[in-house]
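This briefing covers charged side-chain pairs, a loop residue and model confidence. Please read it alongside the structure shown below.

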Amino acid sequence: TSNGKFIGPEVPFGHVMGTYHDEPVLLIESSMGNRALSFDFRPPSSGKTEEEKDNKYCGFEYNAMIEGVHKTLKNIDKVVPDYKGQGYEISGFVWFQGWNDMVGSDTYPNRANLGGYDAYSEVLTHFIRDVRKDLKTPELPFVIGVMGTGGPVADYTPDKKRYAGIHQNFRDAMA
């Protein structure tokens, strides 16, 4: 929420999951806007340049997210009403992020070209592997919410057509 006035997709998603499952469902949200997978959420195994190694913010959000999950699960009895030590299962991970990576012309200088976001796909692969490792869930299913900015590129108006290749290339890299 933003000062209690707005909600994101986690609220209807949580409602659907809670309605679908007979047991309680806990969503652990890690929501930081204006962040990039290529920098802020950079996973440990993806490697860093010397400059990135010297920047304490490179990978900071990844580490904060993992620490937040561990802290929540360690204190689950304080977070989940009526929790009585029945245990838990980490059963899925939803990743819906990408605006800063999609518009990152410095990070992805060839983004308008086929393969221009290949580096994003590689870092996302490291991200998935690292999350599974750090949460000790080697088979954890991931759902990647692909950016739909602008809607279907075939429907872009003439003034938006210049973005069609970039948007589609990024969606393909996420997929």
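Glu50 and Lys53 form a salt bridge whose closest N and O atoms are 3.3 Å apart, a salt bridge being a side-chain nitrogen of Lys or Arg within 4 Å of a carboxyl oxygen of Asp or Glu. The two residues are three apart in helix H2, so about one helical turn separates them. This is a predicted model, in which local features need pLDDT of at least 70 and side-chain atom pairs count only at pLDDT 80 or more, while totals for chains, interfaces and linings use all residues. Residues are numbered from 1 along each chain as its sequence is written, and side-chain values use heavy atoms, with hydrogens and water left out.

**Salt bridges**
- The count comes to three salt bridges.
- Glu50, at 55% relative accessibility, is exposed (buried means under 20% relative accessible area, exposed over 50%, partly exposed in between, with a 1.4 Å probe and protein chains only).
- Glu61 pairs with Arg35 at 2.8 Å between the closest N and O atoms; because Glu61 lies in helix H3 and Arg35 in the loop between H1 and H2, the pair ties together parts 26 residues apart in sequence.
- Glu61 is buried at 8%, whereas Arg35 is partly exposed at 29%.

**Ser46**
- Ser46 lies in the loop between helix H1 (10-20) and helix H2 (50-53) and is buried, with a relative accessible area of 17%.
- Beyond its neighbours within four places in sequence, Ser46 is in contact (heavy atoms within 4.5 Å) with Val123 and His126.

**Confidence**
- The chain averages a pLDDT (the predictor's confidence in each residue, from 0 to 100) of 92, and 97% of the residues score at least 70.

Notes: Helix = DSSP H or I, 4+ residues; strand = E, 2+ residues; numbered from the N terminus.
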